[in-house]
Amino acid sequence: MSEEKTYFEFSERSEEEQQSLLTHTWCDNCQQADLGMIEPQEYEQFGLRFVEGTCKVCAEPVFTELSDDEF
Ligand SMILES: [Zn+2]
């Protein structure tokens with residue numbers, strides 16, 4: 001498994017999926033769920049798929065790990 005990040009085109013997901021992923025977030029900094037993220041980037045690292053973005057509230061990075069049924 002590689003530490004290299006392999007990027008994917010988040011914008012190629014359906015509108016529905018994008019909305020869902022952008023709204024169902026967990027922010028470590030705010031300690032709150034579903035605050036939303038902006039500027040999403042999707043990538044795979046260590047065999048796991050993530051969407052990384054910026055918390056809408058505090059502007060800290062937020063990560064969502066995607067489960068198998070999401071990609
Ligand atoms: Zn936050």
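Buried residues make up 13% of the 71 residues in the chain, where a residue is termed buried if 20 or more other C-beta atoms lie within 10 Å of its own, exposed if 12 or fewer do, and partly exposed in between, with C-beta atoms placed from the backbone. The model is a predicted one, in which local features need pLDDT of at least 70, side-chain atom pairs count only at pLDDT 80 or more, and totals for chains, interfaces and linings use all residues. Residues are numbered from 1 along each chain as its sequence is written.

The secondary structure comes to one helix and six strands, and along the sequence these follow the pattern β-α-β-β-β-β-β. The radius of gyration of the chain is 12 Å, close to the 11 Å that the globule rule gives for 71 residues, so the chain is as compact as a globular protein of that length. Helices (H or I, at least four residues) and strands (E, at least two) are DSSP runs, numbered from the N terminus; the radius of gyration is taken over C-alpha atoms, and the globule rule is 2.2 Å times the number of residues to the power 0.38. Along its principal axes, the C-alpha trace spans about 30 × 25 × 20 Å.

An open sheet of four strands has the order β1-β4-β5-β6, with antiparallel pairing; two strands pair if DSSP finds at least two bridges between them. Strands β1 and β6 (61-66) stand at the edges, each with a single partner strand, so one side of each is left without a neighbour in the sheet. The twist averages 30° from one strand to the next, with axes fitted as lines to C-alpha atoms (for helices over the stretch in contact) and angles running from 0 to 180 degrees between N-to-C directions.

Within this sheet, β1 (residues 6-8) is joined to β4 (residues 37-45) by three bridges, and Y7 stands opposite Y43 in β4. Seven bridges join β4 to β5 (residues 48-55), with R49 in β5 as the bridge partner of E44. The hairpin of β4 and β5 has two residues between the strands, and F46 there takes a positive phi near 55°. Strand β5 is in turn joined to β6 by six bridges, and R49 also stands opposite L66 in β6.

S11 counts as exposed because it has 9 C-beta neighbours inside 10 Å. The C-alpha atoms of S11 and H24, 13 residues apart along the chain, are separated by 17 Å.
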